[in-house]
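Thank you all for coming.

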Amino acid sequence: GLEECIITLSEKLDLANSILKAILETTHDFIIFALDSEYRYVSFNNRHQEMAKSQWGKSIEIGTNMLDLIEDNEEWKNLKGFLDRVLAGEQFCSVEEHHDVDGNVTLGKNHWAPVKNKTGEITGIVCFIEDVTENKRFLKAMLEERKNQDNVESLTFCDQLTGAYNRKYYDKELERLDD
């Protein structure tokens, strides 16, 4: 009866949570977190937990309000602006420099998206942060190389519409990797 139904639902929920946890933790190239509509953590991977420790010097747990972690007023305003855009239904990317306590700078491409329930109501935020520090170094080197050439050709590596890397980027990257 009802008890068996509850046990089955509980097992399904446990399985779904286990799958989600496995996905979050095996995606090493990304820092991932999810917040509810009140900016409180509902999920994050270990990489985000480490980032919060190194960038803000704070430990996070489920239920922590992300905005409470940030002491720098400018950073707080920027982050709240992004979070509010997502909660208003926007899905977008931003590129941010992240400074840790040791002064290391990483460049992150943040992929922001709203989380919606069955009725389409926005219940939270998910963010995937991709480390693009190497891409920045690569593009800087490319710009330097371009400056040293007489033939000034347009240096566009991204599709204007989608933001995806184009053929020119991949050709140059393959050339660089071959070296």
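Which residue forms a salt bridge with Arg 85? Please keep in mind that what we are looking at is a predicted model. In this model the partner is Glu 90, and the closest N and O atoms of the two residues are 2.7 Å apart. Glu 90 is partly exposed, with a relative accessible area of 34%, and Arg 85 counts as partly exposed too, at 33% relative accessibility.

Phe 92 itself is buried, with a relative accessible area of 10%, and belongs to one aromatic cluster that is formed by Phe 33, Tyr 41, Phe 44, Phe 82, Phe 92 and Trp 112.

Because Phe 33 lies in strand β1, residues 30–36, and Trp 112 in strand β4, residues 105–116, the pair ties together parts that are 79 residues apart in sequence. Phe 33 and Trp 112 are both buried, and for Trp 112 the relative accessible area is 3%.

Phe 92 and Trp 112 also form an aromatic pair, this one stacked, with 6.2 Å from centre to centre and 25° between the planes. Here Phe 92 lies in strand β3, residues 92–99, and Trp 112 in strand β4, so the parts tied together are 20 residues apart in sequence.

Let me return to the charged side chains, where the count comes to 4 salt bridges. One of them joins Arg 40 and Asp 36, at 2.9 Å from N to O; Arg 40 is partly exposed, with a relative accessible area of 36%, whereas Asp 36 is buried, at 15%. Another is formed by Glu 71 with Lys 58, whose closest N and O atoms are 3.1 Å apart. Both of these residues lie in the loop between α2 and α3, and so the pair ties together parts that are 13 residues apart in sequence. Glu 71 is exposed, with a relative accessible area of 70%, while Lys 58 is partly exposed, at 21%.

Finally, on the surface, Leu 15, Ile 19 and Ile 23 form a nonpolar patch, with about 290 Å² of accessible area together. Ile 19 lies in helix α1, residues 2–26, and counts as partly exposed at 45% relative accessibility.

Notes: Residues are numbered from 1 along each chain as its sequence is written. This is a predicted model: local features need pLDDT of at least 70, side-chain atom pairs count only at pLDDT 80 or more; totals for chains, interfaces and linings use all residues. Side-chain values use heavy atoms; hydrogens and water are left out. Patches are made of residues with over 30% relative accessible area and no salt bridge: like charges are joined within 9 Å, nonpolar side chains (Val, Leu, Ile, Met, Phe, Trp, Tyr) within 5 Å. Accessible areas come from the Shrake-Rupley method with a 1.4 Å probe; for residues, only the protein chains shown count as cover. Helices (H or I, at least four residues) and strands (E, at least two) are DSSP runs, numbered from the N terminus. Buried means under 20% relative accessible area, exposed over 50%, partly exposed in between (1.4 Å probe, protein chains only). Rings of Phe, Tyr and Trp (its six-membered ring) pair if their centres lie within 6.5 Å; planes under 30 degrees apart count as stacked, over 60 as edge-to-face and the rest as tilted.
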